[in-house]
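Thank you all for making time this morning. Please bring up the sequence and the structure, and I will walk you through a few parts of the fold.

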Amino acid sequence: MPTAEQPFRLREFEALFASVLEIEQLSPTHTRLRLTGGPGLAATTRDLTARETECCNFFVFTVTDDGDRAIILDVEVPPEHGDVLAALTQLARDAERSAV
């Protein structure tokens, strides 16, 4: 991703993570987020994660509807990108805290 676009993508993730209900770090390479929001949440999440995968294809994002106006977002990376996942998880934690 071009450097000029990175702050915009970061803001998109911050906005998405403002809807975090729960963060679960399952392993150094797998984080699960439970997000809540309106009817467009799953589509917005799928769009954002698809665009992120285009530039950083080591990410594996899985979006699952939990049936309760919430979605589960699983984020997985190979071991050599655990630091990137740690930073993304911290971003989610920071957004969760500022939303409270």
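Leaving aside its neighbours within four places in sequence, which residues is Phe17 in contact with? Before I answer, please keep in mind that this is a predicted model. With those neighbours within four places set aside, Phe17 is in contact with Leu33, Leu88, Leu91, Ala92, Ala95 and Glu96.

That brings me to the core. The largest nonpolar core has 24 residues, and the ones with the most contacts inside it are Phe17, Leu35, Phe59, Leu73 and Leu88. At least two residues of this core come from each of α1 (6–17), β1, β2, α2 (41–55), β3 (60–65), β4 (70–76) and α3 (82–99), and it is α3 that gives the most, with five residues.

Let me turn now to the strands. Strand β1, residues 20–27, pairs in the antiparallel sense with strand β2, residues 30–36, over six bridges, and β1 and β2 form a hairpin with two residues between them. Within this pairing, Val20 stands opposite Leu35 in β2, and Leu35 is also one of the residues with the most contacts inside the largest nonpolar core.

I would like to finish with Glu24, which is found in strand β1. Why does Glu24 count as partly exposed? Glu24 counts as partly exposed because its relative accessibility is 34%, and partly exposed covers the range between under 20% for buried and over 50% for exposed. If we leave aside its neighbours within four places in sequence, Glu24 is in contact with His30, Thr31 and Arg32. Glu24 and Asp74, finally, are 50 residues apart in sequence, while their C-alpha atoms are 9.5 Å apart in space.

Methods: Residues numbered from 1 in each chain as written. Predicted model: local features only at pLDDT ≥ 70, side-chain atom pairs only at ≥ 80, totals over all residues. Heavy atoms only, no water. Pairing = 2+ DSSP bridges. Helix = DSSP H or I, 4+ residues; strand = E, 2+ residues; numbered from the N terminus. Buried < 20%, exposed > 50% of the residue type's maximum accessible area, 1.4 Å probe, protein only. Contact = heavy atoms within 4.5 Å. Core = buried A, V, L, I, M, F, W, Y, C linked by side-chain atoms within 4.5 Å.
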